[in-house]
Amino acid sequence: MATTATPATATATSTATTSEKKKPVFVKVESLKPGTHGHNLTVKVVESNTVKATGGGSRGGRVSASLNSRAPPRISECLIGDETGCILFTARNEQVDLMKPGATVILRNAKIDMFKGSMRLAVDKWGRVEVTEPADIAVNDQNNLSLVEYELVNVDE
């Protein structure tokens, strides 16, 4: 009597091989390009500047604590970097508390946002910001990628 593989065993073996997680690939700041995402970086926070919280609360000019108990969003622009360069990181809400000057942080699944023609690094709800043990990173502030202006050009063929 010949044995044949049933679809149930075939799918069990294929899910076992795909459930293994890939090791994260860490990149350096100088390799960041506009419009890219999925970056993992280990960087040092050089400085952190709180940006004025905008709106968040009232609608139509009325302020009502019972209708909208959410606090206005906290946003901070932090200069972060490694030995290859630096870039501005936009920290939102809970991330603001983690981005203290001198701290070493790991950014997972970071993306590049464009703001007024220059690059900003950000981590949204699909990523993670975690503080790690202090590392001896000499930040190269001569190569600030946020100072480079980009312009969208349409190419006609």
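Guide: What follows takes several labels in turn and sets each beside its cut-off, bearing in mind that this is a predicted model.

Visitor: Why is V148 called partly exposed?

Guide: The relative accessibility of V148 is 37%, and because partly exposed covers what lies between under 20% for buried and over 50% for exposed, V148 counts as partly exposed. V148 is found in the segment after β6 (128–131).

Visitor: How do you know whether K116 is buried or exposed?

Guide: K116 has a relative accessible area of 71%, and since exposed means over 50%, K116 is called exposed. K116 sits in the loop between β4 (104–115) and β5, and its phi is positive, about 50°, although it is not a glycine.

Visitor: Why is N93 called partly exposed?

Guide: N93 has 32% relative accessibility, which falls between the limits of 20% and 50%, so the label partly exposed applies to N93. N93 belongs to the loop between β3 and α2 (94–98), and its phi, near 50°, is likewise positive in a residue other than glycine.

Visitor: What makes β2 and β3 a pair of strands?

Guide: Pairing requires at least two bridges, and strand β2 (residues 75–82) and β3 share eight, in the antiparallel sense; I75, for instance, has R92 in β3 as its bridge partner.

Note on methods:
Residues numbered from 1 in each chain as written. Predicted model: local features only at pLDDT ≥ 70, side-chain atom pairs only at ≥ 80, totals over all residues. Heavy atoms only, no water. Helix = DSSP H or I, 4+ residues; strand = E, 2+ residues; numbered from the N terminus. Buried < 20%, exposed > 50% of the residue type's maximum accessible area, 1.4 Å probe, protein only.
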